[in-house]
Amino acid sequence: MKRIVHIVLFALFVQTISSQITFWLGADISGATDLEARGVQLRNMKGEPRECTELMHELGLNAVRLRVWVNPKDGLCNKDDVVKMALRAKKWGMALMIDFHYSDWWADPGQQNIPAAWKEMSYEQMKRALADHTRDVLQAIKQAGVDVRWVQVGNETTNGFLWPVGRAQEHMDQYAGLTDAGYGAVKEVFPQAEVIVHLDGAFDPNRYDFIFDGLEKYKARYDMIGLSVYPYWDIRGKHTQSWKETVEKATANINRLWEKYHKPMLVVETGTEASKPVEGKQIIAAIIDMAKNHAGGHCQGVFYWAPETDRFYKLGAFQNNQPTVIMDAFTEASRQSATSK
């Protein structure tokens, strides 16, 4: 009888703890100041003008992701710009993720260009430069009075970063060393921040095993696994035949990754076609449901990439500078979370 009572009490304890864990509904809105510089005014569904961060909060999101470039030509997404946007996240009580690209411009699986100022550096010099840059940006955010909850050491580093020095296929040891240098720098400034290693193609277990086996082999430290889930690109690349297959394969991979590496996860990027908003809402709702209810509690949230973009990016979630029903998937998930507490 005592054993049954203990089991019941333990189950209630686990249920209570689980209900207290925040599920993160976020967006990468790094382009907000670029839109403002071009004179774009965002509006809510009532037509009322809103600043981007405020609008995301109004839509039910509780987290913001911001990218950092080293020395961008136009000054956007540099240290000062990121601090400006980080202060907005604090104003609206939103958790903050910082995404270091370690490049002067876009970094993704197809391009991981060394910043111009680092091009002639040796591997050891580059490790120091990466750590210095990471500390410098995070210290500026901290001095502005903003906390950072997560930090990505690289963006979609499926093939490593800082090519060719940190190309994973050729120099896994150096990619791991650079990643670990970033980890150490993050913890110096924000000891409680969770360091994320982020890959694309959540449907594909092989690319995750390649990177995370390599990081473990060379003892690189990290706290979380970040995933990109893009049904649109998976279908175009003939990796899956439908958005449902992408979600199913991502679910299976997330559960498998937990069993293998025992690291919590976040969907740090997703998106769907703004021109098909009804289907888009269905897709994003399914991805949120997958992460929240079918990933064993190991996937802690979902971030939409650049929802505020309109026309020039196919997978934004706005039309005519207003949110489409795609964003209702986040609003409805936020309300469900609120009523379940």
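Contact, throughout these legends, means heavy atoms within 4.5 Å. This is a predicted model, in which local features need pLDDT of at least 70 and side-chain atom pairs count only at pLDDT 80 or more, while totals for chains, interfaces and linings use all residues. Residues are numbered from 1 along each chain as its sequence is written, and side-chain values use heavy atoms, with hydrogens and water left out.

**View 1. Thr22 and the residues it touches.** Once residues up to four places away in sequence are set aside, Thr22 touches Asn62 and Gln300. Asn62 sits 40 residues from Thr22 in sequence, yet the two C-alpha atoms are 9.4 Å apart in space. Look for Thr22 in the loop between helix H1 (2-20) and strand S1 (24-28); helices here are DSSP runs of H or I with at least four residues, strands are E runs of at least two, and both are numbered from the N terminus. Is Thr22 buried, partly exposed or exposed? Its relative accessibility is 29%, so it counts as partly exposed. The cut-offs are under 20% relative accessible area for buried and over 50% for exposed, with partly exposed in between (1.4 Å probe, protein chains only).

**View 2. Helix H5 against helix H6.** Two packed helices are described by the angle between their axes and the distance between the axes. For H5 and H6, that's an angle of about 30 degrees and axes 8 Å apart, which makes H5 roughly parallel to H6. Axes are lines fitted to C-alpha atoms, for helices over the stretch in contact, and angles run from 0 to 180 degrees between N-to-C directions. Under 35 degrees counts as roughly parallel, over 145 as roughly antiparallel, 65 to 115 as roughly perpendicular, and the rest as oblique. The H5 side of the contact includes Leu130, Ala131, Thr134, Arg135 and Leu138, and the H6 side includes Gly177, Leu178, Ala181, Gly182 and Ala185. By class, the contact of H5 with H6 has ten nonpolar, five polar and five charged residues. Here Ala, Val, Leu, Ile, Met, Phe, Trp, Tyr, Cys and Pro count as nonpolar, Asp, Glu, Lys and Arg as charged, and the others, Gly among them, as polar.

**View 3. Ala185 in helix H6.** Zoom in on Ala185, which is found in H6. With 0% relative accessibility, Ala185 counts as buried. Which residues does Ala185 contact, leaving aside its neighbours within four places in sequence? They are Ala131, Thr134 and Arg135.

**View 4. Helix H6 crossing helix H7.** The axes of H6 (residues 168-189) and H7 (residues 205-217) come within 9 Å and cross at roughly 55 degrees. That makes H6 oblique to H7. On the H6 side, Ala168, Gln169, Met172, Tyr175, Ala176 and Thr179 meet Phe210, Ile211, Gly214 and Leu215 from H7. Sorted by class, the residues of this contact of H6 with H7 are seven nonpolar, three polar and no charged.

**View 5. Helices H9 and H10 side by side.** H9 (residues 243-261) and H10 (residues 277-293) pack at an angle of about 15 degrees, with their axes 10 Å apart. That makes H9 roughly parallel to H10. H9 brings Trp243, Val247, Ala250, Thr251 and Ile254 to the contact, and H10 brings Glu279, Gln282, Ile283, Ala286, Ile287 and Met290. The tally for the contact of H9 with H10 is eight nonpolar, two polar and one charged.

**View 6. The nonpolar cores.** A nonpolar core is a set of buried Ala, Val, Leu, Ile, Met, Phe, Trp, Tyr and Cys residues joined through side-chain atoms within 4.5 Å. The largest one has 93 residues, of which Met56, Ile98, Leu138, Ile141 and Phe212 touch the most other members. H6 gives the most to this core, with nine residues. A second, separate core of ten residues includes Ala63, Ala95, Trp150 and Phe303. Leaving aside neighbours within four places in sequence, Ile98 has contacts that include Leu66, Val82, Leu138, Ile141 and Trp150.

View 7. Trp163 and Pro164 are joined by a cis peptide bond, with omega about 0 degrees; Pro164 lies in the loop between strand S6 (150-153) and H6. Tyr102 isn't a glycine but has a positive phi, near 50 degrees, and its place is the loop between strand S5 (95-100) and helix H5 (123-143). Tyr102 is buried, with a relative accessible area of 1%. Arg311, also not a glycine, has a positive phi of about 75 degrees. At 63% relative accessibility, Arg311 counts as exposed, in the loop between strand S10 (299-305) and strand S11 (318-319).
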